[in-house]
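Trainee: I would like to learn how to read a model of this kind. Please take me through it feature by feature.

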Amino acid sequence: MKNIMFTQALMMTIASLSIMTAANADPIVVVVNAISPVTKLDKEQVANLFLGKSSSYPDGSAAVPIEQTDATPAHDEFHKSITEKSASQLKSYWSKMIFSGKGTAPKEVASNAELLKLLASNPAMIGYIDKTAVDKSVKVILAP
Amino acid sequence: MLPNAYALDLGHDVTIKGFGTAGLVYSDNNQADFVASSRLNPRGAGRTENISGVVDSKLGMQMDWQATSRLSFTAQAVSKQDPNNSWVPELQWAFAKFKILPNLDIRAGRIRPAVYMLSDTLDVNYANTWVRPPTEFYNQAPITHMEGVDFLYRLQTGPVNWLLQPFYGNTQLPMTSHQTVTAKNLAGVNLVATINDFTFRAGYTYTNLSFNDPFFEGVVRPGMQSICQADYGDPVACTQLASLDPINKMASFASIGAGWDNGNYFLTGEFGKITTASLLHETLSGYISAGGRFGKFTPYATYSQTYNGSPTSFSGGSGPYGAYTNQIVTGILTYDSMDQNTKTLGLRYDLFSNIALKAQWDRIDTSTKNGQENTGYGIFHHTTSSFNNGGNSVNLFSTSVDFIF
């Protein structure tokens, strides 16, 4: 009994800690055009798209990832939680891909608003924005 | 047109980008030059000058044209010390890439065969943690580019990301000591599997190699032919010449590599074996490297080694000219890279997200084959005879600024 109470207390502490952590940084969500047939991707699939390791959705249709510039808080949050790469690691990774001609880095936008505008023009595109910036034009397919 | 952090956009889907290294290397041994590749770099740190700027410094520019969503063109020129001691930029890559399927690309033109795990970034030091890739291993197969094709096939099975890259081509490249190497029908495959923080890699390359060497052609070959053809000559000279003549000899390089990198710490290594039909340069080489990332600092340590398994002396000559046969064959056998290992400690500092500063200490040890003369120079270049007859220990201090733009 004592053990169960202890476990409950511990779990509540962990839960409140993780809420606090989540509240610290603005959470981001991964989005596609609202008319896209894609409904859900996991973290690995999104990371693969943004690292150029795959270039299509699970149904085989082409995917076009769009980055935010590394000056945006969303960029840091996305790469911390999805690709798990620091700014330098990301640069190293892309310099390997680019200077061997194996891949090209995704195109970039400078803000949530620009991303929303761009996504509305092309259902193949996939991007990430602050959770608070989500509107009706997009569909959230991953909320890490 | 949207901007891209890794390139200057010239419009019309043309982008330009570059990379470079400014490096200084100090060697405490003035009897030999330390070079990044003894096949490709005629001069280095040590004997020519004790502090050298030519070992690692280079500048590369790349232009890409995305002609259609499936077709692109890439050209990359690199200026660095070449085998003729010139810095004229050379096209390292110049190819057309076509996306056959979303996960299958073909590239045709001038490409680099994916012989090593780090073949892609041999010039792009920014992309590597170290000042330079471990020399004992990366000295083994100096085919920097070829005219040919490769396929990049990517596949995902469960948690595993696969890259299958078969390649084929032909090339003729200048080497140091006025040599020219010709690789005919170079064919190989590069297979990479990535699972979370782990990378596994296997590669195999097979080719028909010819080394055109003025000294061999002007002195050694006619010398051995006359020993064999003379009255009371030594027929062994002819059979040895047939097996050692470096023209049209099969050579293969098989290698495996593995890495683990969780973002904070990494451990990586490669191991490779060269097999040739000419007896020369049957080598085993490998390295292991580990490090950690602490904010902008990345300290690392590496151990790297190469072992030449070919015979280094010959005593099978016969008849009155047998001694000459033995002397010449032994000379050829010792005209090759020898045993060497390096212990490395270094530190990378990421100054900005596109500039890294590095400092590295290498302790390089060469050893002889049972004390035999001319077998102690490892993979050093431009050596004195006292260095050739070593075992030698060399301390090397390197600093570099690596950048991409």
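Mentor: Start with the interface: 31 residues of chain B and 27 residues of chain A make the contact, where two residues are in contact if their C-beta atoms, placed from the backbone, lie within 7 Å. On the chain B side, strand S2 (14-27), strand S4 (58-66), strand S5 (71-80), S6 and strand S8 (146-157) each supply at least two residues. Helices (H or I, at least four residues) and strands (E, at least two) are DSSP runs, numbered from the N terminus. This is a predicted model, in which local features need pLDDT of at least 70 and side-chain atom pairs count only at pLDDT 80 or more, while totals for chains, interfaces and linings use all residues. Residues are numbered from 1 along each chain as its sequence is written, and chains are lettered from A and ligands numbered from 1 in the order in which they are written.

Trainee: Is Lys97(B) buried or exposed?

Mentor: A residue is buried if 20 or more other C-beta atoms lie within 10 Å of its own, exposed if 12 or fewer, and partly exposed in between, with C-beta atoms placed from the backbone. Lys97(B) counts as buried because it has 22 C-beta neighbours inside 10 Å. Lys97(B) belongs to strand S6 (residues 90-101) of chain B. Leaving aside residues up to four places away in sequence, Lys97(B) touches Gly101(A), Ser72(B), Thr74(B), Asp105(B) and Arg107(B).

Trainee: What is the mean pLDDT of chain A?

Mentor: pLDDT is the predictor's confidence in each residue, from 0 to 100. For chain A the mean is 84, and 83% of its residues reach 70 or more. Over residues 16-23 of chain A the pLDDT is below 50, and this stretch has 1 contact in the model beyond near neighbours in sequence.

Trainee: How should I read a pair of packed helices?

Mentor: Two packed helices are described by the angle between their axes and the distance between the axes. Axes are lines fitted to C-alpha atoms, for helices over the stretch in contact, and angles run from 0 to 180 degrees between N-to-C directions. Helix H3 (residues 235-244) and helix H4 (residues 322-333) of chain B pack at about 10 degrees, with axes 10 Å apart. H3(B) and H4(B) are therefore roughly parallel; angles under 35 degrees count as roughly parallel, over 145 as roughly antiparallel, 65 to 115 as roughly perpendicular and the rest as oblique. Their contact has 5 nonpolar, 2 polar and no charged residues.

Trainee: And a sheet?

Mentor: Strands of a sheet pair through backbone hydrogen bonds, either parallel or antiparallel. Here two strands pair if DSSP finds at least two bridges between them. In chain A, 5 strands form an open sheet in the order S3-S2-S4-S1-S5, with mixed pairing. Strand S3 (107-109) and strand S5 (138-142) of chain A stand at the edges, each with a single partner strand, so one side of each has no neighbour in the sheet. Strand S1 (residues 28-33) of chain A and S5(A) run antiparallel, joined by 4 bridges. Within this pairing, Val30(A) stands opposite Leu142(A).

Trainee: How many residues lie between S12(B) and S13(B) in their hairpin?

Mentor: The hairpin has 3 residues between S12(B) and S13(B), and Gly263(B) in the turn has a positive phi of about 95 degrees. The two strands pair in the antiparallel sense over 11 bridges.

Note on methods. Ala, Val, Leu, Ile, Met, Phe, Trp, Tyr, Cys and Pro count as nonpolar, Asp, Glu, Lys and Arg as charged, and the others, Gly among them, as polar.
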